[in-house]
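Please read these points with the model open beside you.

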Amino acid sequence: MTSEPIHLAALGDDDGGVLAWQEQALCAQTDPEAFFPEKGGSTREAKRICVGCEVKGECLEYALGQDERFGIWGGMSERERRRLKRAAG
């Protein structure tokens, strides 16, 4: 992961606009339900997977840029992402 900002447009590929980083994401190889727990459900398993993911930063940036309201993205819950946006804003 780099410390330089990643521009979302640069992450797209020429194959139908799919973001290239998604192919490397560990969550794509696991149970997607872990990343979208029921209200009040545990986020522990998803966050554990995110810790070792090489594209965690790209995933988080995507979620912030798309204002994703549900799920674990880049190792953070929606509440954590909202807090991060407030702190940065």
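1. Helices here are DSSP runs of H or I with at least four residues, numbered from the N terminus.

2. The model is predicted, so local features need pLDDT of at least 70 and side-chain atom pairs count only at pLDDT 80 or more, while totals for chains, interfaces and linings use all residues. Residues are numbered from 1 along each chain as its sequence is written, and side-chain values use heavy atoms, with hydrogens and water left out.

3. Within α3, the buried residues include Glu58, Cys59, Leu60, Tyr62 and Ala63. Buried means under 20% relative accessible area (1.4 Å probe, protein chains only).

4. The largest pocket holds about 480 Å³ of space. Its lining has 19 residues, and Lys39, Gly40, Thr43, Ser77 and Glu78 are the closest to its centre. A pocket is an open set of points on a 1 Å grid over the protein atoms alone, where a 1.4 Å probe fits, with protein on both sides within 12 Å along at least five of seven lines; lining residues have an atom within 4 Å of a point.

5. Helix α4 (residues 78–88) gives the largest share of that lining, five residues. By type, the lining of the largest pocket has five nonpolar, five polar and nine charged residues.

6. The second largest pocket has about 270 Å³ of space. Among its 18 lining residues, Trp21, Ala25, Cys27, Cys59 and Trp73 lie nearest its centre. This lining divides into 15 nonpolar, two polar and one charged.

Methods: Grid points are joined across faces, edges and corners, and a volume is the space filled by probe spheres set on the points. Helices (H or I, at least four residues) and strands (E, at least two) are DSSP runs, numbered from the N terminus. Ala, Val, Leu, Ile, Met, Phe, Trp, Tyr, Cys and Pro count as nonpolar, Asp, Glu, Lys and Arg as charged, and the others, Gly among them, as polar. Buried means under 20% relative accessible area, exposed over 50%, partly exposed in between (1.4 Å probe, protein chains only).
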